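Here is a friendly set of questions and answers to read beside the model. Have the viewer open as you go.

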Amino acid sequence: MKMAERLTLYYYPGSYFSQKALLALFEKNLQFNHHIIKLMEGGHIEPWYIKLNKNGKVPLLRDDETLVPDSENIISYLDQQFPAGSKLVPGNKPPEYDRLHQLLTDRISIQTLTYGTFINPDLSFSGLPPALIQPSDVIIGNFTRIVEKMQRLAEENPHLREEYLKKAEENKMFRDNAANKDKVQETLEMIHEVLDEVEKQLEISMKDNPGNWLFNKDYTSPDITLTVFLNRLKFLGQTKRYISDNKRPHVNRYWDRAQQRKSFLNFMELYTNFSKQ
Ligand SMILES: N[C@@H](CCC(=O)N[C@@H](CS)C(=O)NCC(=O)O)C(=O)O
């Protein structure tokens, strides 16, 4: 079976967690079918998709009959199934690997960071790209509409009722946190703490070799998370709040290098082509 027929990624190019799965596929040089799930149009809450992934989230990987939800699971799955290409999850984990990985994946709410900056554009350090600026009541209204749609779908699909009601509650929370300016500022502060830890680790790693990634010469799963995170900061006009030649110089150099990595360039090409459509 050709690989392009074997693997399918259900994703949205602008979605943070989808971007992690895409980078992993590109790191592994894998061909895959692209199934775009349009989040803004509620593609992720269509009953057929909820049946495949009861969390109603992207990304989701299908490998023939196997369904793998969640970006971290997808990265581990690809690493086990396709040993060629970068080794994304090392057998012998370097010191600090687990602690830093957890910090990068769990500490910051990406929803509060992203939608919080959209709803409070004055909190963007260098400003949002004009195309992304919308009145905050429109953004909050879009959330409210999708919550109402989830509640309606719960009534229309009794066998998926629990899944839809759980999603409705979660999305209300995303909306309320993003609309709460204090919460967004708290999140922006927390990023300083996370990046301080990253800076310390990179200083150690890059002392051995300036071309090293987070832990050594290998670009692993936490590097994927860090790259996608730094890209999200850039997208939101937040990079200069945290990094420059004088602020966390190791993270700054890392980010310059990460943007030149082939997997990132592949991702950017895909993202740019999609945005042009
Ligand atoms: N832990 C999951 C999180 C996935 C996630 O939150 N995806 C977002 C897009 S970036 C989503 O599908 N949001 C829609 C929703 O929660 O209703 C992962 O790592 O894949």
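A residue counts as near a molecule if its C-beta atom, placed from the backbone, lies within 6 Å of it. Please keep in mind that this is a predicted model.

Q: Which residues come nearest to the ligand?
A: The shell around the ligand holds 14 residues. By type, they divide into five nonpolar, five polar and four charged. Those that come nearest are Ser15, Phe17, Lys57, Asp70 and Ser71.

Q: Which residue of strand 2 stands opposite Tyr10?
A: Strand 1 (residues 7–11) has four of its five residues buried, so it is largely enclosed by the rest of the structure. Four bridges link strand 1 to strand 3 (residues 60–63) in an antiparallel arrangement, with Thr8 opposite Arg62. With strand 2 (residues 33–36), strand 1 pairs in the parallel sense, again over four bridges. There, the residue opposite Tyr10 is His35.

Q: Against which helices do the buried residues of helix 12 pack?
A: In helix 12 (residues 249–258), the buried residues are Val251, Tyr254, Trp255 and Ala258. They cover an arc of only 100° around the axis, so they sit on the same side of helix 12. Their packing partners are helix 9 (181–208), helix 10 (221–235) and helix 13 (262–276).

Q: How far apart are the end C-alpha atoms of residues 5–86?
A: UniProt, in an unreviewed entry, lists residues 5–86 as "domain: GST N-terminal". Over this stretch the chain is 38% helix and 21% strand. The distance between its end C-alpha atoms is 22 Å.

Conventions. Residues are numbered from 1 along each chain as its sequence is written. This is a predicted model: local features need pLDDT of at least 70, side-chain atom pairs count only at pLDDT 80 or more; totals for chains, interfaces and linings use all residues. A residue is buried if 20 or more other C-beta atoms lie within 10 Å of its own, exposed if 12 or fewer, and partly exposed in between; C-beta atoms are placed from the backbone. Helices (H or I, at least four residues) and strands (E, at least two) are DSSP runs, numbered from the N terminus. The arc is that of the directions from the helix axis to the C-beta atoms. Two residues are in contact if their C-beta atoms, placed from the backbone, lie within 7 Å. UniProt positions are given in the numbering used here, feature names are shortened, and annotations may be inferred rather than shown by experiment. Ala, Val, Leu, Ile, Met, Phe, Trp, Tyr, Cys and Pro count as nonpolar, Asp, Glu, Lys and Arg as charged, and the others, Gly among them, as polar. Two strands pair if DSSP finds at least two bridges between them.
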